[in-house]
Amino acid sequence: MEFATARNRMVESQLISRGIKDERVLETMRKVPRHSFLEEALVSQAYNDHPLPIGEKQTISQPYMVALMTEALELQGHEKVLEIGTGSGYQTAILAELAEKIYSIERIRSLSAKAQRILDKLGYFNVVLVVGDGTVGLKEEAPFDAIIVTAGSPDVPQPLVDQLAMGGRLVIPVGDRYTQSLMQVVRVKEGITKTDLGGCRFVSLLGQHGWEDS
Ligand code: SAH
């Protein structure tokens with residue numbers, strides 16, 4: 001099947017059918033070539049309804065999870081966004097289509113380098129990739145209008161809350177090592193509000209304000 005056809009089907013059967021409504025998110029998921037972020041042997045599975053391995057024991061999230069998290073960031077186009085967990089760079093590309101400037105932190109250098117090559121090739125030049133521990137955020141570029149964490153955390157890291165602009169949205173899976181709840185945290189005048197968007201399962205966020213690396 002042609003990739004574009006596969007993407008349209010993915011959007012209909014996996015995203016719209018499960019309640020994703022943001023037209024800009026749906027349009028972007030129809031457009032970004034997810035298969036370009038995978039190794040050759042997995043390309044035929046690129047638009048299937050599940051996560052896939054990307055090397056270094058990490059995974060590219062299920063398309064629905066990418067759409068759900070992106071929708072919860074409520075992007076309109078003018079935002080400065082921080083992503084923790086670049087991984088394959090697929091979610092980064094989605095964000096690059098939907099906001100003005102993206103900073104994405106990855107702790108594994110080889111994954112960041114691979115993602116950089118693919119993002120360059122596809123022409124995403126509003127993205128800055130950083131290698132390091134994303135649980136401390138990126139103070140020199142704060143505040144961010146939106147922050148997305150694509151690895152599971154024991155708690156909401158305080159530095160990320162501190163680096164949110166007023167009204168900014170942080171989307172992060174919080175729970176134990178095996179299952180988490182997807183949380184949307186919004187910074188408001190009085191502090192923060194938290195909304196539980198449902199259960200999920202992510203690889204672990206390792207670092208100073210995440211899980212210990214063992
Ligand atoms: N969004 C990615 C998902 C990658 S999986 C994609 O679409 O492909 C989560 C990633 O988070 C892994 O690559 C892992 O190495 C990274 N990670 C885990 N802890 C991290 C930390 N403290 N800082 C930065 N990246 C981290």
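**Entry 1: the end of α3**

I began just after α3, where Glu 74 takes a positive phi of about 55°. Glu 74 is not a glycine. The model I am reading is predicted, and I keep that in mind for every entry. I placed Glu 74 in the loop that runs between α3 (63-72) and β3 (80-84). Is Glu 74 buried, exposed or partly exposed? Its relative accessibility is 44%, so I wrote it down as partly exposed.

I then looked back at α3 itself. The helix is mostly covered, with 9 of its 10 residues buried. Among the buried ones I noted Pro 63, Tyr 64, Ala 67, Thr 70 and Ala 72.

Lys 57 sits in the loop between β1 (52-55) and β2 (58-60). Its relative accessible area is 81%, and the mark for exposed is over 50%, so I listed Lys 57 as exposed.

**Entry 2: Val 25 and what it touches**

Next I turned to helix α2 (residues 23-31), where I found Val 25. Val 25 has a relative accessible area of 2%, and therefore I counted it as buried. Which residues does Val 25 touch, leaving out those up to four places away in sequence? I listed Ile 20, Ala 67, Thr 70, Glu 71 and Leu 98.

I checked one of these pairs by distance. Val 25 and Ala 67 are 42 residues apart in sequence, yet their C-alpha atoms are 6.6 Å apart in space. Ala 67 is one of the buried residues of α3.

Leu 98 took me to helix α4 (residues 90-98). There 8 of the 9 residues are buried, so the helix is largely enclosed by the rest of the structure. Leu 98 is among the buried ones, as are Tyr 90, Gln 91, Ile 94 and Leu 95.

**Entry 3: strands**

I followed strand β4 (residues 101-106) and found that it pairs with β5 in the parallel sense over 5 bridges. Ile 102 stands opposite Val 127 in β5. What lies with β4 and β5 in the right-handed β-α-β unit? I found helix α5 (residues 109-122) there.

I then looked at an antiparallel case. Strand β8 (residues 180-188) and strand β9 (residues 191-200) pair in that sense over 8 bridges. A hairpin of 2 residues joins β8 to β9. Arg 187 stands opposite Ile 192 in β9.

I went on to the loop between β5 (127-131) and β6 (144-149), where Thr 135 lies. Thr 135 has 1% relative accessibility, so I put it down as buried. Its side chain makes a polar contact of 2.9 Å with the side chain of Asp 133. A polar atom of the Thr 135 side chain also lies 3.0 Å from the backbone nitrogen of His 209.

I listed what else Thr 135 touches, again leaving out residues up to four places away in sequence. The list includes Ile 84, Pro 157, Pro 159, Leu 160 and a run of residues from Leu 205 to Gly 210.

The peptide bond from Ala 142 to Pro 143 is cis, with omega near 5°.

**Entry 4: the ligand**

How many residues surround the ligand? I read 25, and the closest are Ser 88, Glu 106, Asp 133, Gly 134 and Leu 206. Asp 133 had already come up through its side-chain contact with Thr 135. Leu 206 had come up as one of the residues that Thr 135 touches.

I then went through backbone atoms beside the ligand's nitrogen atoms. A polar backbone atom of Gly 134 is 2.8 Å from a nitrogen atom of the ligand. For Gly 132, the distance from a polar backbone atom to a ligand nitrogen is 3.5 Å. A backbone N or O atom of Arg 107 lies 3.2 Å from a nitrogen atom of the ligand.

How much of the ligand's accessible area does the protein cover? On its own the ligand has 580 Å² of accessible area, and the protein covers 99% of it.

Conventions. Residues numbered from 1 in each chain as written. Predicted model: local features only at pLDDT ≥ 70, side-chain atom pairs only at ≥ 80, totals over all residues. Heavy atoms only, no water. Helix = DSSP H or I, 4+ residues; strand = E, 2+ residues; numbered from the N terminus. Buried < 20%, exposed > 50% of the residue type's maximum accessible area, 1.4 Å probe, protein only. Polar contact = N/O pair within 3.5 Å; in protein donor to acceptor, adjacent residues only side chain to side chain. Contact = heavy atoms within 4.5 Å. Pairing = 2+ DSSP bridges. Right-handed = clockwise from strand over helix to strand, strands pointing away. Near = heavy atom within 4 Å. Areas by Shrake-Rupley, 256 points an atom, 1.4 Å probe, with all protein chains shown as cover.
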